[in-house]
Amino acid sequence: DLLVQRPALFKLTTLKNSTRVKRKELLSPFNFAAFYLPYVLGDARSVLYLDTDVVVKGDVGELDGLDMGGKPAAAVEDCSQKIFKYMNYELLR
């Protein structure tokens with residue numbers, strides 16, 4: 001059962017009944033699909049995940065040779081969002 005394999009999914013189901021969560025539509029497991037890509041695509045050398053509202057203005061093939069210095073993930077800051085609200089950079093170091 002996927003809820004047993006991924007306890008975070010179980011936590012999402014319990015949060016749906018919480019009065020503290022204002023936007024319950026954001027609790028859909030599909031909103032967190034990118035976090036499960038390593039489990040689904042475990043044999044892949046690398047994965048490029050683009051959210052549904054991303055506009056690409058260049059050749060994404062150039063990213064294939066990107067040296068990430070051993071880091072597991074890379075991200076860009078959206079000029080309309082403050083990424084530090086969503087990511088803890090200290091944990092990524």
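Trainee: Is R45 buried or exposed, and what is its relative accessible area?

Mentor: The model is predicted. In it, R45 is exposed, with a relative accessible area of 68%. Exposed means over 50% relative accessible area, so R45 falls in that class.

Trainee: Which residue forms a salt bridge with R45?

Mentor: Look for a side-chain nitrogen of Lys or Arg within 4 Å of a carboxyl oxygen of Asp or Glu. Here the partner of R45 is D64, and the closest N and O atoms are 2.6 Å apart. Both D64 and R45 lie in the loop between α3 and α4, so the pair ties together parts that are 19 residues apart in sequence. D64 is partly exposed, at 48% relative accessibility.

Trainee: How many salt bridges does a search of the whole structure find?

Mentor: The search finds one.

Trainee: Which residues form the nonpolar patch on the surface?

Mentor: A patch takes residues with over 30% relative accessible area and no salt bridge. In this model the nonpolar patch consists of L48, L50, V54, V56, V60, L63, L66 and M68, and together they have about 640 Å² of accessible area. One of them, L48, sits in the loop between α3 (37-40) and α4 (89-92). L48 is partly exposed, with a relative accessible area of 47%.

Trainee: What does the secondary structure of the protein come to?

Mentor: There are four helices and zero strands, and from the N terminus on the order is α-α-α-α.

Trainee: What share of the residues counts as buried?

Mentor: Of the 93 residues, 8% count as buried. The accessible surface comes to about 8800 Å², with 58% of it belonging to carbon and sulfur atoms. For contacts between residues at least 6 apart in sequence, 11% join residues at least 24 apart.

Definitions and conventions: Residues numbered from 1 in each chain as written. Predicted model: local features only at pLDDT ≥ 70, side-chain atom pairs only at ≥ 80, totals over all residues. Heavy atoms only, no water. Patch = residues over 30% accessible without salt bridge, like charges linked within 9 Å, V, L, I, M, F, W, Y side chains within 5 Å. Areas by Shrake-Rupley, 256 points an atom, 1.4 Å probe, with all protein chains shown as cover. Helix = DSSP H or I, 4+ residues; strand = E, 2+ residues; numbered from the N terminus. Buried < 20%, exposed > 50% of the residue type's maximum accessible area, 1.4 Å probe, protein only. Contact = heavy atoms within 4.5 Å.
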